[in-house]
Amino acid sequence: VDVPKVPDSRCDSDGPRRGSLCDRHCTAINNVQGDLGDLGCHLHRPRVPPAMSTPSCCQQHSEEVCESCVVKTTLTAENAVEANKLSNNYKFGFKKWKSHVTARPWEDRSEIVKELYSDLNVIRGSGGSTLTCGNVLYLLLFGWWLSFLYVLVAAVMFITVIGAPYGRLCWDLAGYFLWPFGKVIQKVEVPKSHQACEAGAGESSALLGGPTPRRWHPQCWAGTGYWHRASTVVWLCLGYPVLVLAHGLVCVIAWLLIVLIPVAKLSARATSRVLLLPPERVLIRRLRMTEVPLEGEVILCCYRAANPYYYKYAVDGINVFAVNLLPLVLLTLVLGYADSLNHLTGSAIKFTLALLSIMPLSYYIGMAIASISAQSNFAVGAVVNATFGSITELTFYITALIKGSREGNRCYAEVVKSALTGTLVGCVLFVPGLCMVIGGIRHQEQRFNSRSAGVSSALLFLSVGGVFAPTLFSKVYGKLVCGECHNITQNPLGHYLCHNCHFDLMDNNGTLYYSHVQPLVYTVSILLPAAYLIGLFFTLKTHTHIYDIHISDCHMPGHHHSAVVHWSRWRALVILLLSTLCMSACADLATEHISPILTNSTISQYFIGVTVLAMVPELPEIVNGIQFALQNNLSLSIEIGNCIAVQVCMLQIPILVLFTIFYPTNFTLVFSDLHVYASMFSVVLMNYIFMDGKCDYFQGTVLVMVYFILLAVYFFAPSPSGC
């Protein structure tokens, strides 16, 4: 997506600049880019009546537009669906989503993005030098062997004699595919007798060449007998299949490398169009030797093999990275359940594949939630976000606890506690810190809504205190038990060195735990979700002015387009359910094959849970936060981390406690001292950094460095008892 330009309005030190919304609306019209802009200056601007609007502004635009937008908006969007999605981003408890859920109008896109989706049939006025690193990489990876294969096919065609025309075509294409840059493949003009067949068939502009246009169908050449020629039959039997396989391999490799997607388009277009033309109708010429405009249709014209901006490429609204990782999910499921005895691969590889498969599934779940919420009313959106917002993490935690209960292994419960703490610490320190650093590189100082961040911080303080209350209670009243002690002074009254010490809650038949700690856990598990609901009611009902976000639903100049959603509600619901089902299967495989890693690895189980199991499912959220920070919208970047941390404490942990009531496991809401100290220190530091409502890359660096220090502590910490 394109990065929106921020209107030239700054918040000075004396407070927000006063001015009518009509003035700001007209400024937004002049600078409209279809996204949020700098929200730091809009958050505290008052809503003024239309009578205070500047006459000169409303003279430029109709009074009806100004009056309708003054009452409702401070921000603009392309359509009502996008406006609803942007509004949901600022609602507490809703998933923050950066990508568009509707198709953006073609004319509103930048030239860089337009180039990504264009077919390779456009001739530039000045192509420049074709000797680039990407083109050389194409030569080394594909060009030389693809050209050699064409030479071999040409030799076969010449040997058959009857296929000599195709032999000459393959000989010419061998030189073309060795270095296709700066060259053009044309189709010779069709005789007038066949123009009627081609009339009405428009140009296809699909992803990789698209469906074959009607003018290339066999019936269009029935008059000339092209598809009845003996040479064509020989070509389709001996030459064409080999080249299709070769170009298919090139397409797959280039597509997976992403930056080489132009090479995938080149191969797909050559397979579906060039190789199906009669040889006499294909003309290959160097661009510098060709007059402009060219005579005849341009089929292929490529200048660059690589384009670094293809990370923005999307297929039906799905980012290309998520598309490429989808086959990994299928491979993981097939390999995990078909090779249950580990004949083909070991547990380490299966665990890694299952963990990597969680990333695209998390993306699909997030996209589906955002799509459903943007096309539904508030109640439906709130239910969907509350139900599926934490489904990724809960699926893994519950499957791990079930496996640990079946095996009688307490290590799984400790790993789940480490993952919960790792998610909390990572979302409080690493996510906002990384966004501050990356956003601070582009923007010298970034501002955010300190009032909205204060609400999340208050809930975070409450949730952390509630989650660790049973732990602190057990430290006060529990009995310290040590596994092994040695007298290091040989004196009965001297000093003892003890190992594997812990607070025993099951002394006297578990009286302390069952009579005191467990009721406290159940009480906390009821109070935390209740506090979460109060926070929702506070931010979404009674104190919505804290966010002061008003999204435009009126027609702005340049935005007279109806919403074309990528995923309808039913399609998004089906994808959401299928992704959740696949997520459950991948989580089951991950927990199934994590046991050898926990038992044989020299790395602390604390570290594995805090890093890998905690942060990998949050990678799509981290990417969203970085994108918001690059757009100078740090408020949403911070809210992403805060909302996840609050949901961990106020929703995920109470759900796990509720699950243990119906399915007894080894999970108890008593954490180690390391988890308690790390979590509390992280929350205190985050609140100290966020007090003034502004930040820079230095403060972000502090948060990231503290996070890595805590990771080092977990790395060198001994394994928890029971592992």
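Mentor: Start with K187, R273 and E297, which are linked in a network of salt bridges. A salt bridge here is a side-chain nitrogen of Lys or Arg within 4 Å of a carboxyl oxygen of Asp or Glu. Side chains of opposite charge can pair when their charged atoms come close. The whole structure holds 13 salt bridges.

A word on the source. This is a predicted model, in which local features need pLDDT of at least 70 and side-chain atom pairs count only at pLDDT 80 or more, while totals for chains, interfaces and linings use all residues. Residues are numbered from 1 along each chain as its sequence is written, and side-chain values use heavy atoms, with hydrogens and water left out.

Now look at the strands. Strands are DSSP runs of E, at least two residues long, and helices are runs of H or I, at least four long, both numbered from the N terminus. Strand β1 covers residues 183-187, and strand β3 covers residues 297-302. The two pair in the antiparallel sense over 5 bridges; pairing takes at least two DSSP bridges between strands. Within this pairing, V184 stands opposite C301 of β3. Strand β3 is mostly covered, with 6 of its 6 residues buried. Buried means under 20% relative accessible area, exposed means over 50%, and partly exposed is in between (1.4 Å probe, protein chains only).

Go next to D119 and R269. They form a salt bridge, with the closest N and O atoms 3.9 Å apart. D119 sits in the loop between α5 (111-117) and α6, and R269 sits in helix α10 (residues 261-272), so this pair ties together parts that are 150 residues apart in sequence. D119 is buried, at 11% relative accessible area. R269 is buried too, at 2%.

Another pair is D339 with K350. Their side chains meet in a salt bridge of 3.4 Å, N to O. D339 lies in the loop between α11 (320-338) and α12 (347-374), and K350 lies in helix α12, so the parts tied together here are 11 residues apart in sequence. Both residues are buried.

A further bridge lies within one helix. E414 pairs with K417, and their closest N and O atoms are 3.8 Å apart. The two are 3 residues apart in helix α15, which means about one helical turn separates them. E414 counts as buried, at 10% relative accessibility. K417 is buried as well, with a relative accessible area of 2%.

Stay with helix α15, residues 411-442. Turn to the largest nonpolar core, which has 121 residues. A nonpolar core is a set of buried Ala, Val, Leu, Ile, Met, Phe, Trp, Tyr and Cys residues joined through side-chain atoms within 4.5 Å. L429 and L613 touch the most other members of this core. Helix α15 gives the core its largest share, 16 residues. What does L429 contact, leaving aside neighbours within four places in sequence? Its partners are S682, L685, L703, V706, Y707 and L710; a contact means heavy atoms within 4.5 Å. Another core lies apart from the largest one. That core has 45 residues, among them L169, L243, W255 and I299.

H443 is buried, at 18% relative accessible area. Beyond its neighbours within four places in sequence, H443 is in contact with A629, L630, Q631 and N632.

L137, L141, L249, I253, L257 and V259 make a nonpolar patch of about 450 Å². Helices α6 (133-159) and α9 (230-257) each supply at least two of its residues. The largest share, 3 residues, comes from α9. L249 is found in that helix. L249 is partly exposed, with a relative accessible area of 45%.

Finally, step back to the whole chain. The protein chain has 26 helices and 9 strands. Of its 723 residues, 54% count as buried. Take the contacts between residues at least 6 apart in sequence: 81% of them join residues at least 24 apart.

Key:
Patch = residues over 30% accessible without salt bridge, like charges linked within 9 Å, V, L, I, M, F, W, Y side chains within 5 Å. Areas by Shrake-Rupley, 256 points an atom, 1.4 Å probe, with all protein chains shown as cover.
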